[in-house]
Amino acid sequence: MADLDKYRNIGIFAHVDAGKTTTTERILKLTGIIHKTGEVHDGESTTDFMEQEAERGITIQSAAISCEWDGHRFNIIDTPGHVDFTIEVYRSLKVLDGGIGVFCASGGVEPQSETNWRYANDSGVSRVIFVNKLDRMGGDFYRVVDQVENVLGANPLVMVLPIGIEDDFTGVVDLLSRKAYVWDDSGLPENFSVEEPPADMADAIEEWREKLIETAVEQDDDLMEKYLEGEEPSIDDIKRCIRKGTIALDFFPTYCGSAFKNKGIQLVLDAVVDYLPNPTEVIPQPITDEEGNETGKSAIVDPKEPFRALAFKIMDDRYGALTFIRVYSGVIKKGDTVLNTFTGKTERIGRIVEMKADERVELEGATAGDIVAFVGLKNVQTGHTLCDPKHPGTLEPMVFPDPVISIAVAPKDKAAAEKMGIAIGKMVKEDPSFRVETDEDSGETILKGMGELHLDIKIDIMKRTHGVEVIVGAPQVAYRETITQTVEDSYTHKKQSGGSGQFGKIDYIIEPGEPGTGYVFESKVTGGNVPREFWPAIEKGFEMMTAKGVLAGFPCLDFKVTLMDGASHAVDSSAMAFELAAKGAYRQSMKKAGPQLMEPIMKVDVFTPEDHVGDVIGDLNRRRGMISGQEAGASGVRIKAECPLSEMFGYIGDLRTMTSGRGQFSMEFLHYSPCPKNVSENVIKETKEREEAAAKK
């Protein structure tokens, strides 16, 4: 039986280009999984095994790998840093027990680091921090520590100090042992010596060591008392306190080094063993019933408990469909039958594999705490719970954000049409933030995603992985509609044409709701004029209509319908009659309620060299952007703004032109906001023209 104390399920996450994948490569080399490290900039890293990842030098999918260090088993997930793939980070964090947050020594705490950090806080994941790229120009360990404190509002517990900076960076001093780890110039991670630290660092070492011990002993009142009386605790006691505080998220042990130059990684691996929790030390996942209500039970990480696991990622590769599973409790073996609580159907487990990036190692079974992949499951999707059929129970499902951008695609020829349907089906299964629908009027296939890059990659995967050539339309913004005025109205649905007729009369109030409330229905009918059994039909009738607003056919948000009164007929009234009355009422009254178009506003974070700040701000203003702040850093300025998505298409090209190729930006959805009149009129006009063109076809 596996010893769960020796398990560490960890993720590596950070902003794009902070060096997560390079750090993962070095960990795999040190743990003996690979013998030659592949570089991201050469397109040869182990975890970036998709063609698109190798070419662009970014991580798109999270990749899972297992390895061993110091007698402990690590299940590592290397997650993407680009904001369009945040969903990958989110769903990986749901199944991890700990993480390594990688920060660039010159870039510091960048926008995506903030988002990932927020997700990790929400998921209660303990972390150690690794400040990478200390050999880079402008690398400053102490500045990043300061930013972690001020920008993220976190408490970094400095465990090592760097020896030298930029080109002179040679190693680190471990504050607990007061020993220096110095690497030679060979670039090999194993070529280091442990020696006395440089004499000129003595004061800094003592100052930071004192801070470290003071913070650690706060976890143990007895130790703290002794320490205040002048007795220094043993290193084992300090480590015990650090472990306790790290798991409680009171602070985050902070290390530094250069993954590319192979300096400082071993200490981070030791920290994962010493300070990050094993699966049994994490708050167990609550179990819910079929309606999503908590049962008061939890999936305790124990092989003796009934089997429960969460599917957190679906991946199609050249060998077939892989379903990545985190086993929370119990044991699973090849040939066992499991229940999918979402579909209510059972599936037989054929093959179980452990992943070494895109290579597979066949397993006979898996136990609580494991992260493995099942091969060939039919109806399992991300967020589904698999469990023992005799002990059903659902683990907390994942919630995914709605897409904000869409494009229309059409196959180039008839042969491509069938292949496109299959390819899109597989891609939707793999990525819950990628949606597809068919436009009823034009028959076009609409792909929806989290950003331009997200959809760009999907088209690329379709072309290369699935061999489907498609014609791509211009990107479309996911507008919404709402209302601004309260309307009190009445509607009667009456139909008499031989036999039994249809009759339903409703008196109602439609009013604007609070932002984010969606559609709300309430009935204040008394006295039975509208019998209670018809209320759900009225609610459903209005709800079905919310998919299409009266201005330009976009979904309608944030309004409340209150049913006040009405009338029914003993023979002719039915649920269908009242549902049709509600639909007619929506069409009649929404036009009177001051309908308004809403556009998605994005939180934009732009990095630019100092001499281009004026150009960048001017350009953002032209794009109807509101500047919310700017921060000067060592190598440039970060500008924060809120901009409508419709104005941000193609922005990366313009930004690079303005900043001589040195600017970067990221954006994520913030909220919906009313459209200015001129923009609204244009959108409505374009939508009508598209509908007319589709009708002519």
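This is a predicted model: local features need pLDDT of at least 70, side-chain atom pairs count only at pLDDT 80 or more; totals for chains, interfaces and linings use all residues.

**The whole chain**

Zoom out for a moment. The protein chain has 16 helices and 38 strands. There are 697 residues in the chain, and buried ones make up 53% of them. Now think about contacts between residues with a separation of 6 or more: 71% of those in this chain link residues 24 or more positions apart.

Select S31 to S34 and you have an open sheet of 4 strands, in the order S31-S32-S34-S33, with mixed pairing. Strand S31 (487-495) and strand S33 (519-523) are the edges, each pairing on one side only. Going from one strand to the next, the twist averages 25°.

Next, pick out S31 along with strand S32, residues 502-512. These two pair in the antiparallel sense over 9 bridges. For one particular spot, click Lys494: its bridge partner in S32 is Phe503.

**The loop between H12 and S34**

Stay in this area and click Asp558, which lies in the loop between H12 and S34. Asp558 isn't a glycine, yet it has a positive phi of about 50°. Is Asp558 buried or exposed? Its relative accessible area is 10%, so Asp558 is buried.

Now jump to Asp70, in the loop between strand S2 (63-69) and strand S3 (72-78). Here too is a residue that is not a glycine but has a positive phi, this one of about 55°. Asp70 is exposed, with a relative accessible area of 56%, whereas Asp558 is buried.

**Another sheet: S7 to S10**

Select S7 through S10 next. What order do the strands take in this open sheet? The order is S7-S8-S9-S10, and the pairing of these 4 strands is antiparallel. At the edges are strand S7 (160-163) and strand S10 (192-195), each pairing on one side only. The twist from one strand to the next averages 25°.

Click Val182 and look across to S10, where its bridge partner is Ser193. As for what holds such partners together, strands of a sheet pair through backbone hydrogen bonds.

**A pair of helices**

Move along to helix H6 (residues 202-217) and helix H7 (residues 221-228). Their axes come within 8 Å and cross at roughly 140°. That makes H6 oblique to H7. To see who does the touching, show side chains for Glu210, Ile213, Glu214 and Val217 of H6, then Leu223, Met224 and Tyr227 of H7. What kinds of residue make up this contact of H6 with H7? There are 5 nonpolar and 2 charged residues, with no polar ones.

**A histidine in a loop**

Next stop: His612. You'll find His612 in the loop between strand S35 (595-608) and helix H14 (613-622). With 13% relative accessibility, His612 counts as buried. Which residues does His612 touch, not counting residues up to four places away in sequence? Select Met658, Thr659 and Ser660 to see them. Then draw a distance from the C-alpha of His612 to the C-alpha of Gly663: the two are 51 residues apart in sequence and 9.0 Å apart in space.

**Two cysteines to finish**

Cys104 is buried, at a relative accessible area of 4%. Cys556 counts as buried as well, at 9% relative accessibility. How many disulfides does the structure hold? The number is 0. In case the term is new, a disulfide is a covalent bond between the sulfur atoms of two cysteines.

Terms used:
Residues are numbered from 1 along each chain as its sequence is written. Side-chain values use heavy atoms; hydrogens and water are left out. Two strands pair if DSSP finds at least two bridges between them. Axes are lines fitted to C-alpha atoms, for helices over the stretch in contact, and angles run from 0 to 180 degrees between N-to-C directions. A disulfide is a pair of cysteine sulfur atoms within 2.5 Å. Buried means under 20% relative accessible area, exposed over 50%, partly exposed in between (1.4 Å probe, protein chains only). Angles under 35 degrees count as roughly parallel, over 145 as roughly antiparallel, 65 to 115 as roughly perpendicular and the rest as oblique. Contact means heavy atoms within 4.5 Å. Ala, Val, Leu, Ile, Met, Phe, Trp, Tyr, Cys and Pro count as nonpolar, Asp, Glu, Lys and Arg as charged, and the others, Gly among them, as polar.
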